[in-house]
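Dear colleague,

I am handing over the structure below, followed by an account of what was found in it. Please read the notes with the structure open beside them.

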Amino acid sequence: MTTSPEPQTSAERELCGLVNGLAQQIAEHVRERAVALGLTAAQATALREMTGPITMRELAERMSCEPSNATFVVDKLEKQGLVERCPHPTDRRARQLLLTAEGTALRDRLLGLLAQDSPLAGLSPQQQRTLQGLLEQAITRP
């Protein structure tokens with residue numbers, strides 16, 4: 001007699017639904033905050049991920065998109081005077097992205113808005129770290 005994989009399949013299906021639902025809530029949260037600042041969700045995501053000097057490739061990885069998409073977003077941010085491209089200090093083929101003073105101020109405002117009523121606000125910092133660890137483990141599973 002073989003056991004049915006249904007309980008495991010059901011649990012995975014429910015978990016996938018929960019992760020997807022949370023991702024949608026986070027995306028909507030970012031979209032709403034971005035609009036309040038006159039940004040698109042992609043621009044807000046780029047600003048959120050620019051924690052310091054960063055290459056376009058690194059930014060694309062953090063944004064979970066193709067480098068050409070990140071380039072399009074950065075072009076818009078650059079035209080708004082929020083980001084500048086500078087020579088990379090160790091790789092003459094690469095350029096680094098840096099926030100301007102205006103970009104840093106807008107990023108700070110964005111981070112403040114994103115912290116308000118976050119979909120993760122119902123979790124304690126410890127619970128957030130636990131969730132992060134579990135998600136990282138699931139994602140990096142061999």
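I begin with a salt bridge, a term used here for a side-chain nitrogen of Lys or Arg within 4 Å of a carboxyl oxygen of Asp or Glu: Arg-31 forms one with Glu-28, and the closest N and O atoms of the pair are 3.1 Å apart. Both residues belong to helix α1 (residues 6-36), where Arg-31 and Glu-28 are three residues apart, about one turn of the helix. Helices (H or I, at least four residues) and strands (E, at least two) are DSSP runs numbered from the N terminus. Arg-31 is partly exposed at a relative accessible area of 38%, and Glu-28 is likewise partly exposed, at 35%; buried here means under 20% relative accessible area, exposed means over 50%, and partly exposed lies in between, with a 1.4 Å probe and protein chains only.

Before going further, please keep in mind that this is a predicted model, in which local features need pLDDT of at least 70 and side-chain atom pairs count only at pLDDT 80 or more, while totals for chains, interfaces and linings use all residues. Residues are numbered from 1 along each chain as its sequence is written, and side-chain values use heavy atoms, with hydrogens and water left out.

**The chain as a whole**

The secondary structure comes to six helices and three strands, which follow one another along the sequence in the pattern α-α-β-α-α-β-β-α-α. The radius of gyration of the chain is 19 Å, well over the 14 Å that the globule rule gives for 142 residues, so the chain is more spread out than a compact globule; the radius is taken over C-alpha atoms, and the rule is 2.2 Å times the number of residues to the power 0.38. Taken along the principal axes, the C-alpha atoms fill a box of roughly 65 × 35 × 25 Å. Of the 142 residues, 26% count as buried. Among contacts (heavy atoms within 4.5 Å) with a separation of 6 or more, 48% are between residues 24 or more positions apart.

**Other salt bridges**

A search of the whole structure finds six salt bridges. One of them joins the side chains of Glu-32 and Arg-33, at 3.0 Å from N to O; Glu-32 is partly exposed, with a relative accessible area of 42%, whereas Arg-33 counts as buried at 13%. Another is formed by Asp-75 and Arg-85, whose closest N and O atoms are 2.7 Å apart. This pair links distant parts of the chain, since Asp-75 is in helix α4 (residues 67-79) and Arg-85 is in strand β2 (residues 83-87), 10 residues apart. Salt bridges that share partners join Asp-75, Glu-78 and Arg-85 into one network. Both members of the pair are partly exposed, Asp-75 with a relative accessible area of 28% and Arg-85 with 22%.

His-29 is found in helix α1 and is buried, with a relative accessible area of 7%. Not counting residues up to four places away in sequence, His-29 touches Leu-113, Leu-114, Gln-116, Asp-117, Ser-118 and Pro-119.

Thr-45, in helix α2 (residues 41-49), counts as buried at 15% relative accessibility, and, leaving aside neighbours within four places in sequence, Thr-45 is in contact with Val-30 and Met-63. Gly-112 lies in helix α5 (residues 101-115) and counts as partly exposed at 35%; the C-alpha atoms of Gly-112 and Leu-22, which are 90 residues apart along the chain, are separated by 20 Å.

**Backbone angles to check**

Most residues other than glycine have a negative phi. Ser-64, in the loop between α3 (56-63) and α4, has a positive phi, near 60°, and counts as exposed at 66% relative accessibility. Asp-117, which is not a glycine either, has a positive phi of about 55°; Asp-117 is found in the loop between α5 and α6 (125-139) and counts as exposed at 68% relative accessibility.
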